[in-house]
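Dear colleague,

My notes on the contacts between its chains follow directly after it.

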8 protein chains.
Amino acid sequence: MKVAILMGSKSDLTVMEESAAMLRQFGIAYEMRIMSAHRTPDEVMKFSRDARDNGFSVIIAGAGMAAHLAGVIAAHTTLPVIGVPIASSPLNGMDALLAMVQMPPGVPVATVSIGKAGARNAALLALEILALNNGGVLKKLDQYRSDMRRTVLEEDDSIRNA
Amino acid sequence: MKVAILMGSKSDLTVMEESAAMLRQFGIAYEMRIMSAHRTPDEVMKFSRDARDNGFSVIIAGAGMAAHLAGVIAAHTTLPVIGVPIASSPLNGMDALLAMVQMPPGVPVATVSIGKAGARNAALLALEILALNNGGVLKKLDQYRSDMRRTVLEEDDSIRNA
Amino acid sequence: MKVAILMGSKSDLTVMEESAAMLRQFGIAYEMRIMSAHRTPDEVMKFSRDARDNGFSVIIAGAGMAAHLAGVIAAHTTLPVIGVPIASSPLNGMDALLAMVQMPPGVPVATVSIGKAGARNAALLALEILALNNGGVLKKLDQYRSDMRRTVLEEDDSIRNA
Amino acid sequence: MKVAILMGSKSDLTVMEESAAMLRQFGIAYEMRIMSAHRTPDEVMKFSRDARDNGFSVIIAGAGMAAHLAGVIAAHTTLPVIGVPIASSPLNGMDALLAMVQMPPGVPVATVSIGKAGARNAALLALEILALNNGGVLKKLDQYRSDMRRTVLEEDDSIRNA
Amino acid sequence: MKVAILMGSKSDLTVMEESAAMLRQFGIAYEMRIMSAHRTPDEVMKFSRDARDNGFSVIIAGAGMAAHLAGVIAAHTTLPVIGVPIASSPLNGMDALLAMVQMPPGVPVATVSIGKAGARNAALLALEILALNNGGVLKKLDQYRSDMRRTVLEEDDSIRNA
Amino acid sequence: MKVAILMGSKSDLTVMEESAAMLRQFGIAYEMRIMSAHRTPDEVMKFSRDARDNGFSVIIAGAGMAAHLAGVIAAHTTLPVIGVPIASSPLNGMDALLAMVQMPPGVPVATVSIGKAGARNAALLALEILALNNGGVLKKLDQYRSDMRRTVLEEDDSIRNA
Amino acid sequence: MKVAILMGSKSDLTVMEESAAMLRQFGIAYEMRIMSAHRTPDEVMKFSRDARDNGFSVIIAGAGMAAHLAGVIAAHTTLPVIGVPIASSPLNGMDALLAMVQMPPGVPVATVSIGKAGARNAALLALEILALNNGGVLKKLDQYRSDMRRTVLEEDDSIRNA
Amino acid sequence: MKVAILMGSKSDLTVMEESAAMLRQFGIAYEMRIMSAHRTPDEVMKFSRDARDNGFSVIIAGAGMAAHLAGVIAAHTTLPVIGVPIASSPLNGMDALLAMVQMPPGVPVATVSIGKAGARNAALLALEILALNNGGVLKKLDQYRSDMRRTVLEEDDSIRNA
């Protein structure tokens, strides 16, 4: 039970670190890799093809601009692939979003929101998938939801008493 | 091992039927429901909360316009929720896409492409998730990929010889 | 005669404080709350259902990204719900705008402009609604319009004499 | 207790008739008028200024393209003004939406969704405002919500048994 | 032969000052005014109606957000009205652009580019209109074009020799 | 006193004929020409340079896609150039609009709305410019406004009595 | 001297046939192939890697939605790759355009306009590249330009005499 | 074998310098020029017409806003023209992108990504074109790809060991 976090370039690291931090918080093993659909396509292909055999259950892929990384990975594996669009061009991530989410029929990419919010949600989505067969993760997810809920309730309290 | 296919209105049926057809083709049980985040919110909440206990592993939700259905479901379950944006307003589905994919951190929706292509991919994504613990589904997914590949190769042949 | 100001997260406070300031200026009671359609959905539902009985006449809801808050509230009450889209993602609030304004038929959200301008207008719209049955508020609204007018006239004078 | 339904041109009638039908269904008096912010600005101004004295409680305004009608009305009255963006140019109503919703601070327009869905919601929003002081309308709104709910439940039944 | 430069708010002054500076450079009289389609609609109407009699030949109007100013002016005069969309909301001026340029048939607004570039071009367009009957302005326009051309040629020289 | 109506391709004729019809209605001479910024650039340049000497006062240019025609004309003349964006690609005229209106500082194009509405407004804008020095045109413009006003009033009457 | 025309699916054939027709008109050999970045990625990779050795000089790739085809080809060859975005989703080709043109630094795709216009231009761009070392193609390109020019001049004549 | 790098204004220099740096790195001669489609159209025309005779093989053109430069060049030459859209307006380069890429059929512009990434890719695309007949450039391109690949692999190593 291991998650792969791939990104197209080192400049995506500050965003994708949000995925890693979330997985660490849940005690889930992950491997973080820099691979580019355009600059190291062979590595992407090989990684994607071997991912299941190498023990990965889910692949998270973050990329910006014409973000092909998630789609190219998905073309080489039937593992669930989660795409995180990154806003690294003047178009504010709309380019990456459309290049990820609008996959043609047959090869899905599970796309989440643009940037850090998406990176965090990508990890949570991976955890929800893992939780289908892991009661421990499920319990932690429930706890995470409770914690989020309590944080909002506390914020609510704080402004009510302000 | 059962998939839920929810949609906000009966007019979404022709789109979401693509998800159902795909699951039938893979021999996976599914339940198809019409529930509206705005018109039957209690049913959505109840369905979402009980979904895991009722044997569902994945929830697919299709909706158009300010498409809240998938997000509202995701707020009430930690099952993976897959969102299919539907183009049912003059804005061509851009409204539904942004209302689904741009979920705030904490509650992910796995968004796929707009319309029928997305409905088909939503089912395939669900199958990829199920295949993590089901060798039979995995085998059929591999077969599905092979069939797609062969179809493209045949199309390729047909135009090369045209 | 009381107005509720809800927001999805504490980070929306600087925007929504504009609504509060306007209501204070008009001497209208309001309650400011942090509630999240995704992280505290039960609180949102309960608040919305009880709002009329608790003396609220109008609900203002500010949210960013896939801004479901206003729509979820509107699903649980027939009080007028005013939505303020907040620009809290790289998409500059276009995501929140479409996720609020494009409500399907049956459950309206009265959407105003993005950000602080919208938060101020949300309060004014609430005041216009209250003024339908309150001559005092109406008189203050007229005064507010006069003041705005005078400010513009003074600005006009100042550049004419510059 | 009377609602005004204004539109910029006769070609908007098929859209705005949805507002009228809804009000008829609720037994609320309305007046339907064609007035143009650009072609009959004096009539718009006069109508807006006199609307409160003439017994109107809410003004619904539908317009397409650079849809100024709702904003111009709002500049001349402190009645609540509801704007319905209409898709009457190649830009699919995005022009009308932005020209309505993005009002500068001080003069709000309560904007609803583009086209017929919006016209229906505009009437419902007007009814929600009227219901604040009219138990009869409130009761009918509750009934309307129940009817919607039942319709969805019936649709849900019909596909479950299909 | 006089040009009016109107703007909706004092915050538009840094943009619209570009129009004024251009007219000063050409020795053309202008009057700069702050008037708001929404906050001082009567002043806008009166100014527009009297503009021709008051010796104005062209009206330049700059506004942001749901920029109605130019259209409202154009509804009250048959003088040429030039609109400058200003980027004063998170939508980067796309709202102001569409609210200005997409005027319905019958009442044109001559729209130029967003922001300072547009303010400068608005003045030049006004000068082109004045030059139709004023050889002096025409001569200065030709000189302005020559100067622009020379500037570019010099820039070209400077990088060729760099 | 003559107006030029240029368009980039014969397929633009049904749109630009709206400009011609308006000018005919006002009794203003016009010349209609097909010239392409990309396919007959020399003709465009020559026409633009000689336009003033050939008696033209205003040039209307309609084009679709990357609509350069108006800008290229404007580069070669200081006559007022009016641009009509035409929706002749899948992007619904947004491409033509931005390629026309976003002219860099120094060379303005007076851009009007997309398509037939814009073609009509382009002619009216040209007439407003001509009317600055032609009382006859001014009188007809006033008459045109009155006629529009009367049409709207009649439409208004017709639905009030329906 | 041979051009490859690749497309992601048989449904793209009516668009990409425009490229083929243009090349036939110029007497340039071409090979037309259906290959999918997602469904037959190995074939795409192999084709791209061998393309230069197999005698191809330029590769034209047409695709819709999240159009990865051109980028994936470009990752495997240093031949010039020309991308034709195809409008095959509700987003009118904006998705395909951004997914093609916004390539990250290092691996360029020469993107042309959406749809049939782009398919024709892709072939012309390929011919311009070939003409750098082939006087015959260059002569035909000059002839093509002359023919286009004459067509426009004839269209111009026809409406001038209409 | 020489490449031209044209830009519409000196402010584009920091972007277009990326093209120059890339060509220097490959040892390819280039000429960098500032020419404006609107301010020095004659120079653009003359340069474009003579470019082939003056030994240029490819023309790179960078421009912002209504970016006509590349299209105007392409109208006067059958050399390959590569367009770099520059984000120099509030619209973030979307205006320049559409004004470049959406060329009508007959006159192609090879458009690359917005800004510096595009400027670099424009040079690489030019080099790919030159490499068709120059084994030395081809070899360097292969080396460049290898270097990119190695950089990514090293980045990958660095985070794996972090």
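How far apart are the nearest C-alpha atoms of chain B and chain E? In this predicted model, the distance is 15 Å, and chain B and chain E do not touch. Chain A and chain D likewise make no contact, with 17 Å between their nearest C-alpha atoms.

Chain A and chain B, by contrast, do meet: 43 residues of chain A are in contact with 43 residues of chain B. The size of an interface is often given as the accessible area lost when the parts come together. For chain A and chain B the buried area is about 3,400 Å², of which 63% lies on carbon and sulfur atoms. Of the area that chain A buries against chain B, 18% is supplied by A:Thr78, A:Pro108 and A:Arg145, more than by any other three residues.

Several elements of chain A each supply at least two residues of the side that touches chain B: helix H3 (69–75), helix H4 (94–101), strand S5 (110–111), helix H5 (116–131) and helix H6 (135–160). The largest share of that side, eight residues, comes from H5(A). Sorted by class, the side of chain A that touches chain B has 28 nonpolar, 10 polar and five charged residues.

Yours sincerely

How values were computed. Residues are numbered from 1 along each chain as its sequence is written. Chains are lettered from A and ligands numbered from 1 in the order in which they are written. This is a predicted model: local features need pLDDT of at least 70, side-chain atom pairs count only at pLDDT 80 or more; totals for chains, interfaces and linings use all residues. Side-chain values use heavy atoms; hydrogens and water are left out. Contact means heavy atoms within 4.5 Å. Buried area is the accessible area (1.4 Å probe) that two parts lose on being put together, summed over both. Helices (H or I, at least four residues) and strands (E, at least two) are DSSP runs, numbered from the N terminus. Ala, Val, Leu, Ile, Met, Phe, Trp, Tyr, Cys and Pro count as nonpolar, Asp, Glu, Lys and Arg as charged, and the others, Gly among them, as polar.
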